Amino acid sequence: MKTIRIYNQLAEKGLARLPADRYTAGADLAPADAIMLRSYKLHDEVIEDSVLAVVRAGAGVNNIPIEAYAKRGIVVFNTPGANANAVKELVAAGLLLGSRDIFGAMNYVQTLGDVHDAAELNKLLEANKKRFAGSEIYGMTLGVVGLGAIGSMVANMALELGMKVVGYDPALSVEAAWRISSRVQKADSLQAVVDAADFLTLHIPANEHTTGLINADLLARTKPGARLLNFARDAVVDLAAVTAALDSGQLSAYITDFPHPDLLGRSNVLLLPHIGASTRQAEENCAVMAADQLVDYLDNGNILNSVNYPNTRMARNGGYRITFCNENIPKVLNSVLSVLADHDMNVIDMVNRSRGDFAYSIIDVENQPDKGVMSAIRGAEGVIRARLLPPAG
Ligand SMILES: NC(=O)c1ccc[n+]([C@@H]2O[C@H](COP(=O)([O-])OP(=O)(O)OC[C@H]3O[C@@H](n4cnc5c(N)ncnc54)[C@H](O)[C@@H]3O)[C@@H](O)[C@H]2O)c1
């Protein structure tokens, strides 16, 4: 039986993916084979040595000491893209709210609570509706900065809405490239996207390279009256530059999931309380993905979507499986293969990957390794942790 300690409430649909005959999951279970959580902070927590993996149902992992765990052979996973559709749909709302004063129009209608005569109400609405006229997004150009899980979905969606789409991503992943429609024009610089956009939408991570990326110089290049959507993070825009561009009319609207006191009370700003991923489906998707990745790691040693070890996968083929985490230094793999050779063990298949200071290997062998083999592997220089998995099924 494998024991999974749960720190936050996770969607039931995800927990149901843990095979009930072999897994037990719950709060306060110890010692645990793995941990599942959302935003619970593990930095000050003492984690027992039995823990092989920590899985974050969600994208951000700043609540987990991933480097320290890597040194202990604890593989940390997250669930990138599981909430992408939720954010994409909110961006669709942002585009529409930014092109027509839907919000102002709805608020206006609610101010007419004292009008009880339907004909009079209709007269007032007809007389005032011109105040809320806007423009359509059809035929407008959307500039998408960052074409990852969310940006690629936003780009394709905007095409469906009849927009022209120009995207920029200097490190486009192969998966995203496959997803993106060939009708999305690929720009070769951030400036080129900004120049072309009627609407500019940001889907980049906040890091040392992207902090303040959307600055005064870039905003001076936008088409006059362009709209900026930020459903990424507050740090990726220079807020003072954005408010100045709103004041001058260079930007006609700023629609964001990241309010700031300097943005409150402005008529050309639409603020949402960071609800991009707040849907039932996104929470379920995260929990399902988290559980599936964890089971595949514990049962098969496969790593998908780790943030501290390389993605490493090999189909099961009937043999016993040895996996090991190691420091990314020369000769570790050779040492392990020598142990197997010394014990006359036949290797069926193997895969070895590295990522930064750490590496991970999967080796399938024909016969069951005895305790001596595993302790010799564990004793090899650079090996952090080794596991032996029985044949699948
Ligand atoms: N509003 C919300 O609730 C919400 C929810 C989920 C994610 N997010 C934010 O959205 C961001 C994107 O999420 P994702 O799942 O698409 O991530 P992702 O990792 O799949 O995609 C990010 C993309 O940005 C690209 N990129 C990085 N730096 C860039 C730069 N300087 N210029 C252009 N492209 C650059 C990367 O190459 C990558 O393809 C997240 O980092 C997060 O901050 C917000």
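## Salt bridges and other contacts

Q: How many salt bridges does a search of the whole structure find?
A: Keep in mind that this is a predicted model. With a salt bridge taken as a side-chain nitrogen of Lys or Arg within 4 Å of a carboxyl oxygen of Asp or Glu, the search of the whole structure comes back with 15.

Q: Lys13 and Glu284 meet in a salt bridge; how many residues apart in sequence are the parts that the pair ties together?
A: The side chains of Lys13 and Glu284 come to 3.6 Å, N to O. Lys13 lies in helix α1 and Glu284 in helix α11 (residues 280-300), so the parts tied together are separated in sequence by 271 residues.

Q: Is Glu284 buried or exposed?
A: The relative accessible area of Glu284 is 18%. The cut-off for that class is under 20%, so Glu284 counts as buried.

Q: Which residue forms a salt bridge with Arg266, and where does that partner lie?
A: The closest N and O atoms of the pair are 2.8 Å apart, and the partner is Asp247. Arg266 lies in the loop between β11 (251-256) and β12, 19 residues from its partner in sequence, so the bridge ties that loop to Asp247 in helix α10 (residues 239-248).

Q: Which accessibility class does Asp247 fall in, and which does Arg266?
A: Asp247 has a relative accessible area of 57%, and over 50% means exposed, so Asp247 is exposed. Arg266 has 23%, so Arg266 is partly exposed.

Q: What is the N to O distance in the salt bridge of Glu126 and Lys129?
A: Glu126 has a relative accessibility of 47%, so it counts as partly exposed. Its side chain meets that of Lys129 with an N to O distance of 3.1 Å.

Q: Tyr7 and Tyr40 form a ring pair; which geometry does it have?
A: A search of the whole structure finds five aromatic pairs. In the pair of Tyr7 and Tyr40, the ring centres are 4.5 Å apart and the planes lie at 35 degrees. Planes under 30 degrees apart would count as stacked and over 60 as edge-to-face, so this pair is tilted.

Q: How many residues apart are Tyr7 and Tyr40?
A: Tyr7 is in the loop between β1 (2-6) and α1 (12-15), while Tyr40 is in the loop between β3 (34-37) and β4 (53-56). The pair links distant parts of the chain, and the separation is 33 residues.

Q: Which charged residue sits over the ring of Tyr297?
A: Tyr297 belongs to a cluster linked by ring pairs, together with Phe77 and Tyr360. Over the ring of Tyr297, 4.8 Å from its centre, sits the charged end of Arg387.

Q: Which residue lies over the face of Tyr108, and at what distance from the ring centre?
A: The residue over the face of Tyr108 is Arg131. Its distance from the ring centre is 4.9 Å.

Q: Which helix supplies the largest share of the nonpolar patch?
A: The surface patch covers about 440 Å² and is made by Leu96, Leu97, Ile102, Phe103 and Met106. Both α3 (84-99) and α4 (102-110) supply at least two of its residues. Phe103, which counts as partly exposed at 48% relative accessibility, lies in helix α4. The largest share, three residues, comes from α4.

Q: Which strands are at the edges of the open sheet of seven strands?
A: The strand order is β8-β7-β6-β9-β10-β11-β12, with parallel pairing. An edge strand pairs on one side only, and here the two are β8 (185-186) and β12 (269-271).

Q: Which residue in β8 is the bridge partner of Gly167?
A: Strand β7 (residues 164-168) and β8 pair in the parallel sense over two bridges. The partner of Gly167 in β8 is Lys186.

Q: How far apart are the C-alpha atoms of Leu112 and Leu213?
A: Leu112 lies in the loop between α4 and α5 (118-128), and is buried, with a relative accessible area of 13%. Leu213 is 101 residues away along the chain, and the C-alpha atoms are separated by 43 Å.

Notes: Residues numbered from 1 in each chain as written. Predicted model: local features only at pLDDT ≥ 70, side-chain atom pairs only at ≥ 80, totals over all residues. Heavy atoms only, no water. Patch = residues over 30% accessible without salt bridge, like charges linked within 9 Å, V, L, I, M, F, W, Y side chains within 5 Å. Areas by Shrake-Rupley, 256 points an atom, 1.4 Å probe, with all protein chains shown as cover. Helix = DSSP H or I, 4+ residues; strand = E, 2+ residues; numbered from the N terminus. Buried < 20%, exposed > 50% of the residue type's maximum accessible area, 1.4 Å probe, protein only. Phe/Tyr/Trp six-rings, centres within 6.5 Å; stacked < 30°, edge-to-face > 60°. Lys NZ or Arg CZ within 6 Å of the ring centre and 35° of its normal. Pairing = 2+ DSSP bridges.
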